[in-house]
Amino acid sequence: MKILVIAEHDNEHLKASTVATIVAAEKLALPIEVLVAGYRCQAVAEKVRTLAAVSRVIVADHEVYQDQLAENLALLLQSLSSSYSHILAAASTFGKDLLPRLAGLLQVSMASDIIEIVDANTFIRPIYAGNALATVSMHDAIRLLTVRSSAFNAAITTKAELAELSICDTVYALEKTKLIKRIESKSERPELGQAKVVISGGRGLQNKENFALIEQLADKLNAAVGASRAAVDAGFVPNDYQVGQTGKVVAPDLYIAIGISGAIQHLAGMKDSRVIVAINKDAEAPIFQIADYGLVGDLFKIIPELLAKLP
Amino acid sequence: MKVLVALKRVVDPYVKIRVRADGSGVETTNVKMSTNPFDEIAIEEAVRLKEQGIATSTTVIALGNVASQENLRAALALGIDNALFVPCDDMLQPLAVARILQQIVVREAVQLVIMGKQAIDDDNNQVGQMLAALLSWPQCTFASAVKILDGGTSVEVTREIDGGLEVLYAQLPAVITTDLRLNTPRYASLPNIMRAKQKPLTTITVEELAVPTQTAFKVLSVAAPKTREAGIMVDSVDALLDKLRNEAKVIA
């Protein structure tokens, strides 16, 4: 049997999360084929053809696939699905939207956000925002998986000889949905979910104005800005800054929690970060129990000092 | 238009969960339980549609153990008109849940389904999309704004996607799954809590719905993740920067 990986792209560039998905697929030791569905997406297909792990690239290049909406992509995938034992996509908002819809069409189960492949039928995935890990087994004819990119970030090799290219000219029109627009975040800072460094502020900042200190520090370190639910609820920052079980789950190389006590809710969203720094005036704050480096003190003295001493 | 909201009873997000020693799952007995936070947002959105005169009636449904009825009552106290309870095993997989909801949608002639994008216990993020597929309806996942258009024949949904927002137009009927920014759920007032006790809460069995609930998916075991080693305390900003530069090597 074979594996189908769904490429995520903007018709010009392949997303790094797709490369991670291919790295995951390699662990299944089966031929890997990649579907590139889009419009005028030849450059993406050519890029995928250079990846050594890929045996064939299927291109569905048509206007109807330009915006890559779940409605018709799921139908296209359904039409291709019978040749495959596994269909994988990144656990991005694109993959999370699309793959369960395909599962519904095929009437099979799926495993979301896997972080480890045990064997062809057995996978490990986080539940309870990573506070527990479930080992699951799947026995449908087709196993659908979304893959957490950060768990499969190995380098991928390229080759001079290009993978086979097939053209798929099956067209499923969009009948019930239509993209009106996409608005990319204008922030100069890296995206919270992708950033290598995240600086988060909590209730300790006391008000919205003081939260600017966190932003200044983030700019020094080219970091994304996060917040605890307490800071969001207090109106210091908008909801989309929230790191935690009901917000974003992040795992950067460096996470600096400032004025955050460390409620369970928050810890669930950042505890897989490689290095955690906690700065808090309360030496008993639970955040210190999971921090690699803790500094007890007044954040209104510590942040200015950090700003002064960082290049 | 008839609006259906689905809720799941889950371990409260502020509770520190404990994995059972035998690896069979996460301990839920004698643990504080709540309505899944994303479903609370779905309930609020449905109530607002009713208040705006867009929804003619609102129904909330829960699948789960008997205690889920408490969460249904809480939803009624927030302004939902009536509730449906489907008693079942807590381990029902998303495909089975979607099949049950599909039957309910057909029986109740629902035109809009709103539910959380995921439950914070299993974190699957699947049921809404599966339900939309089973019904051949459009799906608008991860919604942060919902605007009903053309007298209830279509909807414009702002979706939270990686790196920004997307505005999607969809014909109704449709399934919408909620993200955090959609709204801020209200609290129930005491008079409404009292009134909720009079609202209809109907039980429907899985057998009555004649839906296959077996799936080829099984949770074999649940384990606690590796715990972090205890770190160290530093006594100054200089010491912290030194550690980050020379020991952890995470800053330049």
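I count two strands as paired if DSSP finds at least two bridges between them. The model I am reading is predicted.

**Strand pairing across the chains**

I looked up strand E16 (residues 293-296) of chain A. It pairs with E13(B) in the parallel sense, over three bridges. Within this pairing I checked Tyr293(A), which stands opposite Ile232(B) in E13(B).

**Chain A against chain B**

I then took the whole contact between the chains. Chain B puts in 65 residues and chain A 70 residues. Several elements of chain B each supply at least two residues to the side that touches chain A, among them H3, H4, strand E13 (232-234) and helix H7 (237-247). E9(B) gives the most, with eight residues. I sorted that side of chain B by class and got 41 nonpolar, 13 polar and eleven charged residues.

**Helices H3 and H4 of chain B**

Next I looked at helix H3 (residues 94-108) and helix H4 (residues 127-135) of chain B. Their axes come within 8 Å and cross at roughly 50 degrees. H3(B) and H4(B) are therefore oblique to each other. The crossing of H3(B) past H4(B) is right-handed. From H3(B), the contact residues include Leu95(B), Ala98(B), Leu101(B) and Val105(B); from H4(B), they include Met130(B), Leu131(B) and Leu134(B). By class I note eleven nonpolar, one polar and one charged residues in this contact.

**The sheet of chain A**

I traced an open sheet of seven strands in chain A, with the order E5-E9-E4-E1-E2-E3-E10 and parallel pairing. Strand E5 (110-114) and strand E10 (164-167) stand at the edges with a single partner strand each, so one side of each is left without a neighbour in the sheet. The twist averages 25 degrees from one strand to the next.

Strand E3 (residues 54-61) of chain A and E10(A) run parallel and are joined by four bridges. Arg56(A) has Glu164(A) in E10(A) as its bridge partner.

I looked for helices on this sheet. Helix H1 (residues 16-26) of chain A packs on it, touching strands that include E1, E2 and E4; the direction of H1 makes about 145 degrees with that of E4(A). Helix H3 (residues 70-80) of chain A lies across E1, E2, E3 and E4 of chain A, at about 145 degrees to E2(A).

**Domains of chain A**

Last, I read the domain assignment, which gives domain 1 (2-167) and domain 2 (197-309). Their C-alpha centres lie 34 Å apart. Four residues of domain 1 and seven residues of domain 2 make the contact. On the domain 1 side I find one nonpolar, three polar and no charged residues.

Technical notes. Residues numbered from 1 in each chain as written. Chains lettered and ligands numbered in written order. Predicted model: local features only at pLDDT ≥ 70, side-chain atom pairs only at ≥ 80, totals over all residues. Axes fitted to C-alpha atoms, helices over the stretch in contact; angles between N-to-C directions. Parallel < 35°, antiparallel > 145°, perpendicular 65-115°, else oblique. Left-handed = near helix turned anticlockwise from the far one by under 90°. Contact = placed C-beta atoms within 7 Å. Nonpolar A, V, L, I, M, F, W, Y, C, P; charged D, E, K, R; others polar. Domains from an automatic or database assignment.
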